[in-house]
Amino acid sequence: GRGGGGGGGGGGGDWSRGQAPPPHRGGRGQGQGQGRRQSSRNNNDPFPDDDFVPLTRTTNAWMPSKDNSAMAKVEKQVKGLLNKMTKEKFDKLSTQMCDIPILSYEMLTTVIKLVYEKAIGEPSFSDMYANLCYRLSQKVKKGTFIKIIESDEDPLAEPGAEVNYDEAGSGSVSYRWSNDVSTSDGEVVGPFDRDDQCIGAAFSDMKPVPRGDNELTLHRLLIKRGTFIKIMHSHVDGKYYVVFFPVSKADECGQQLSLEIFTSEIEAQNHAVKMNTFKRSLLNKCEDEFNKQDIYTDWKVEKKAYEKQKASFKEKERNEKEEELEFRRMKIKKQMLGNIKFIGELYKLGMLKEKIMRFCIHSLLKLEDYEGGLRSQTGEDGEMDAEDHEALCNLFVTIGKTIDNPKAQPYMRIYFGKIETLSNDKTLSSRSRFMYKDLIEMRTKGWKLRREVETAKTLDEIRKDAERDERRQQAQSQQGGGYGGRGGGGRGRGGYDGGRGGG
């Protein structure tokens with residue numbers, strides 16, 4: 001699993017609230033407990049020693065629903081900033097985007113998704129969007145949205161096993177974590193004067209009330225007797241409010257919980273940080289987008305099926321189907337090439353590791369591991385199409401100077417050995433062969449481009465380019481006029497040279 005998400009079991013699904021809690025008994029939990037537990041806890045005890053009345057299953061128990069208003073607001077903000085983003089405005093707008101509070105891992109992945117989609121749709125600006133990802137990663141790398149949850153669950157119990165809470169335990173505390181705890185619930189239970197009353201309410205049949213405009217802050221999270229309990233505090237009236245539900249219903253209520261249960265708080269914290277980094281979310285997105293090459297495979301299957309049946313179509317239907325297939329092919333190709341370019345730019349900034357690039361290269365070159373080395377795949381799995389050739393060349397143009405380092409030479413020899421073979425393969429289109437020849441030449445010249453690649457520019461750079469082009473055109477025009485006085489041959493030569501100058 002990638003994110004350690006999802007609600008965990010623990011027997012909570014067999015319980016719901018149907019009876020009111022017993023009245024609060026003072027003195028318990030302060031060294032005066034009796035019976036088998038002999039608790040020596042104080043008022044800071046995470047799990048009060050009250051013996052709650054066993055719960056009965058109800059069919060109409062209240063279940064909280066997730067509030068998505070904060071997500072919708074952030075999505076609108078990010079889209080607005082991305083639509084205004086230019087190289088000239090980059091510093092200002094990227095700072096504004098970094099200032100957007102990231103309240104959950106889901107919100108983080110949404111921001112990455114929006115930036116990613118923009119980047120692959122505008123490949124000439126991919127270096128700018130890669131820089132934006134780098135800045136965002138520096139801003140959110142601490143994972144301030146991670147929350148640790150105190151629990152009375154047994155870390156050694158089998159997931160989903162029934163739990164007898166009357167016999168369960170010695171009062172030891174375990175922990176889970178969540179990356180998506182909100183305080184903007186539409187309905188809450190309360191108000192209460194003390195937080196321990198909130199715990200009692202979680203095992204009652206009290207009805208929720210609308211939160212309204214009451215701004216709440218998180219006070220405490222715990223899991224008790226299979227029930228997730230979120231206690232919040234209002235600075236307006238000084239009261240406490242609570243939201244609760246069975247742990248087994250976490251997914252249904254839109255609440256992410258770690259599947260793992262930990263024996264120490266620091267262990268839970270370290271695991272949560274590891275599973276919720278910006279780079280992990282970005283890597284997941286890169287993997288998802290790269291694997292969308294399967295879409296092109298599906299397209300080829302559909303194209304072959306159409307070729308077999310097209311004789312039965314009328315001319316109008318044939319034209320419509322062919323236009324639709326070609327439109328989809330171009331769309332998939334643009335997405336694939338844009339993704340490759342963006343992945344390369346992220347790698348150059350250290351956002352992705354070299355082994356990720358090798359995986360991409362192996363996939364495009366149709367190479368597989370074999371006896372400690374690499375070999376070309378055989379059969380249909382080893383067939384490269386025009387898009388693979390172009391994507392591979394584009395990737396090396398982007399990352400060649402970075403990845404062609406001394407440690408990578410064993411790989412590079414294999415890559416360019418196959419590339420050399422492909423450059424002379426007469427079964428390939430001349431376009432693909434010459435792309436490979438250009439790539440080989442580029443490597444021999446220290447990865448220097450033969451011509452400038454289009455990248456994002458400031459308005460001042462665009463203005464200077466336009467003035468330079470205008471001066472060049474004027475010079476060519478004057479040169480062409482001079483040759484014109486010498487006869488037709490001179491004009492022809494002047495026009496030819498002008499054409500080369502503009503190419």
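# Helices and an open sheet in a predicted model

The buried residues of helix α2, which spans residues 90–98, are Phe90, Leu93, Ser94, Met97 and Cys98. These residues cover an arc of only 140° around the axis, which puts them on the same side of α2. The structure described here is a predicted model, and its protein chain contains 15 helices and nine strands. Buried residues make up 41% of the 503 residues in the protein chain.

**Helix α2 and the chain as a whole**

- Among contacts in the protein chain between residues at least 6 apart in sequence, 72% join residues that are at least 24 apart.

**The seven-stranded sheet**

- Seven strands form an open sheet in the order β2-β1-β5-β6-β7-β3-β4, and their pairing is mixed.
- The edges are taken by β2 and by β4 (209–210), each with a single partner strand, so one side of each is left without a neighbour in the sheet.
- Strands of a sheet pair through backbone hydrogen bonds, in either a parallel or an antiparallel sense.
- Between β1 and β2 the pairing is antiparallel and runs over five bridges, and the bridge partner of Ile148 in β2 is Trp177.
- Strand β1 also pairs with strand β5 (residues 216–224), here in the parallel sense and over two bridges, while Glu150 stands opposite Leu222 in β5.
- Strand β6 (residues 227–234) pairs with strand β7 (residues 240–246) in the antiparallel sense over seven bridges, and the bridge partner of Lys230 in β7 is Val243.
- Helix α6 packs on the sheet, where α6 touches β1 and β2, and the direction of α6 makes about 20° with that of β2.

- In helix α6, which covers residues 265–275, the buried residues are Ala268, His271, Ala272 and Met275.
- Seen down the axis of α6, these buried residues fall within an arc of 100°, so they line one face of the helix.
- On the face of α6 turned away from its buried side are the exposed residues Ile266 and Lys274.
- The buried residues of α6 pack against both helices and strands, with α3 (105–121), β1 (147–151), β2 (174–178) and α7 (278–290) as their partners.

**The pair of helices α11 and α12**

- Two packed helices are described by the angle between their axes and by the distance between the axes.
- For helix α11 (residues 386–403) and helix α12 (residues 409–423), the packing angle is about 140° and the axes lie 13 Å apart.
- The crossing in which α11 passes α12 is left-handed.
- From α11, the residues His389, Leu392, Phe396 and Ile403 meet Met412, Tyr415, Phe416, Ile419 and Leu422 of α12.
- Sorted by class, this contact of α11 with α12 has eight nonpolar residues, one polar residue and no charged residues.

**His389 in α11**

- His389 has its place in helix α11, and with a relative accessibility of 3% His389 counts as buried, since residues under 20% are taken as buried.
- Leaving aside neighbours within four places in sequence, His389 is in contact with Met384, Leu422, Leu428, Ser432, Met435 and Tyr436.

Conventions: Residues numbered from 1 in each chain as written. Predicted model: local features only at pLDDT ≥ 70, side-chain atom pairs only at ≥ 80, totals over all residues. Heavy atoms only, no water. Axes fitted to C-alpha atoms, helices over the stretch in contact; angles between N-to-C directions. Helix = DSSP H or I, 4+ residues; strand = E, 2+ residues; numbered from the N terminus. Left-handed = near helix turned anticlockwise from the far one by under 90°. Contact = heavy atoms within 4.5 Å. Nonpolar A, V, L, I, M, F, W, Y, C, P; charged D, E, K, R; others polar. Buried < 20%, exposed > 50% of the residue type's maximum accessible area, 1.4 Å probe, protein only. Arc of directions from axis to C-beta. Pairing = 2+ DSSP bridges.
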